Amino acid sequence: MTAPTVDRAASRSGRWHIPITVEQRAASRFLQQLGVNLVALVLAFGLGAILLLMAGDNPLDVYREMFDRAFGSSRALRETLRSTTPLILTGLAVTVCFRMGLWSIGAEGQLIAGSVAGAAAALVLGPSLPAPLAVAAVVIAAALGGAAWATLAAVPRALFGTDEVVTTLMLNFVALGIMNYLIFGSVSYWRDRTNPGFPAGKVIPESTQLDPYFGVFDAGLILSLALALIVALALRRTVWGYQLRVAGDSRAAASYAGINSTRQIISVFAVSGALAGVAGGTYVMSITFALEPRAIAVNLGFVGIVVAAVALLKPLLVVPIAFLMGALLSTAPSLSIFGVSPAVVIVIQGIILLCVAGAQFFIRYRVRITRVEVGSR
Amino acid sequence: MNDWVLIQSLVVAVSTGTPVVLAGSGAILTQRSGVLDLGVEGTMLIGAVSGFWVTTSTGSPVAGLVVAVLAAAVFSMIQAVLAVSLRANQVVVGVALVILGSGLSSFIGSQGDPPVARRFSGSIFTPVFPESVHDWPAVGPLLLSHDPVVYLSWAFVAVVQWYIFRTRTGMHLRAVGHDPASADAAGLPVSGMRYLHVALGGAAAGAGGGYLTLRLFSDWFDDMTAGMGWIAVILVILASWRSLRLLVAAYAFGAISSLGFTLQLLGWNIPTELLAILPFLVVYLVMVFVSAAERRSQMPASLAEPYFRESR
């Protein structure tokens, strides 16, 4: 660990006599980090409340309503858990990439690719396969679809060093465009052909529709929990995960250690893309039951970044954070009934991510007020 | 393709590209100072909605544009505080600002009486020169048929180019973005320069957003930027942080985005959903080819790296 360095420059430089000292912390404890992030969560709701007040709404009423809509009944809980599943998966997808220092923001596009592939598998294989096999086929197809889409960013990154932020972003829009084309721009295999005047996705066969157990959660949630566990173990207990963490801490160290970065980048992207793809597949099987662009393109990939950041890039922490974010998301539709713009939910997500990003400063540095001697000028 | 179709297509390409010219030139200033502002998409939306609100309330597109610029500059201060003072990860902050800008602009659009999103704009920017001039061969439509914001964007591009390469402050700006430690040692206010140029970049993105509501669409709807802000940030990289090259790239983007218009004039019929993919696909492919061919990047060496005086 590096020794703490001390900044007295601010009070030394002469022009600004700011009585604040910033010190780099030697090491930061995990619980402290988590605590700072939870404070950031609360702060985001506080800032959201100010926005609601400015718009003339009573934030306490709105938040009580949101709480009811998220947890108040078994139906509410089911909606929350339904929104949780894709967020666990996109949160994991982002976690895997970010842990290696690959700033992929492509979970959105990979989720869409997974939905398209998953819906295709459901429509083709669903009628002829028994339910468990049909669901498995959809999951595998969705994973492959997402992984393939991620590869489009991974290969240029691995071979030419093409900035992954740029390529993943552009590929998000391309994926969205393709999905829109399949439903709105053409009479494709995915489109419901019984009603030509009203473009909509063809409903997937019943064998691939997930039924909730106990009326509350479905197989998609179990799958996502299992994947969270697998990702956590893979990061901690496998050579692949060890090498990923080494490369994330220091790309140079990884290369000295002889880790093949080309293969590594592609495999990490593929795993990340597969996770996001499965998010798309389960979303189709448990929420939309068809390739439905308007319901699928709701920024689940971007919210995955919020989840991963709040969860400190820890796969197991992704689960509870995704649950909180899922609760938040599932309240959005009910807000408009209540006369409040559902955009409040997006605003709160944005503020959460900003607060968490800013809070890192207070985790990495210690800020102290220092005494300035009178007449030190 | 006959000349009339070509000229009309170019005119549309210019107006479609103008928001990107404005936002991109501003992003050049920000990135030259060493801050990567991925939040442009969100900043543009803030400018777009606030400009539309003011114009539909006052009837003055100029007032709308001014407010768009100011609101966006204020919004971009979030980026400055987090990226410069709190040394946050700039990719995460950028994504957060896009989410926040998207949500906040939609929220603002639901406010007012009648709500901004339901208003119709009676007054938008109109061409500067009289109609009769527009029909002059070639120069008429290409150079003289535009609205004041297009001319403003040309002036802005020229000023940015001159400022970065021909002025002392511009040289300081490049130094701050290239090697903040040396710039600091030479007595330059690194954080101050970064704050200032984040604000300028935000203001320009706001103007770009304002152009969407006050001219290009003359309407406000949620997430209307549809990726334009992201494109602006990326074209800055492709233009090697030079505003004149950015102008060309932005108009190329405008031409590709408005290809549907051209094809319609030619009587072709291609689904709009496919055409909508095209600009993003092209930028993706160009990025891959450029990085495959590139030997040496002209990127500001300290782009997206927070500067911490004590850890140098």
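Helices (H or I, at least four residues) and strands (E, at least two) are taken here as DSSP runs, numbered from the N terminus. By that count, chain B has 14 helices and zero strands. The model is a predicted one, so local features need pLDDT of at least 70 and side-chain atom pairs count only at pLDDT 80 or more, while totals for chains, interfaces and linings use all residues. Residues are numbered from 1 along each chain as its sequence is written, with chains lettered from A and ligands numbered from 1 in the order in which they are written.

Read from the N terminus on, chain B goes α-α-α-α-α-α-α-α-α-α-α-α-α-α. Its C-alpha trace spans about 60 × 50 × 35 Å along the principal axes. The radius of gyration, taken over C-alpha atoms, is 20 Å, and this agrees with the value near 20 Å for a compact globule of 312 residues (the rule being 2.2 Å times the number of residues to the power 0.38). Some 51% of the 312 residues of chain B count as buried, that is, with 20 or more other C-beta atoms within 10 Å of their own, C-beta atoms being placed from the backbone. As for contacts (C-beta atoms, placed from the backbone, within 7 Å), 78% of those in chain B between residues at least 6 apart in sequence join residues at least 24 apart.

Now to where the chains meet. Chain A puts 44 residues into the contact and chain B 41 residues. On the side of chain A that touches chain B, two or more residues each come from H6 (131-160), H7 (164-185), H13 (300-310) and H16 (343-364) of chain A. The top contributor is H7(A), with 14 residues. Sorted by class, this side of chain A holds 29 nonpolar, 14 polar and one charged residues (Ala, Val, Leu, Ile, Met, Phe, Trp, Tyr, Cys and Pro are nonpolar, Asp, Glu, Lys and Arg charged, the others, Gly among them, polar).

What about the inside? A nonpolar core is a set of buried Ala, Val, Leu, Ile, Met, Phe, Trp, Tyr and Cys residues joined through C-beta atoms within 7 Å. The largest one has 214 residues, and those with the most contacts inside it include A:Leu275, A:Val318 and B:Leu235. H6(A) gives the most to this core, 16 residues. Another core, of seven residues, lies apart from it, with B:Ala175 and B:Val190 among them.

Finally, helix H14 (residues 315-330) of chain A: 13 of its 16 residues are buried, so H14(A) is largely enclosed by the rest of the structure.

Notes: Buried ≥ 20, exposed ≤ 12 C-beta atoms within 10 Å, placed from the backbone. Contact = placed C-beta atoms within 7 Å.
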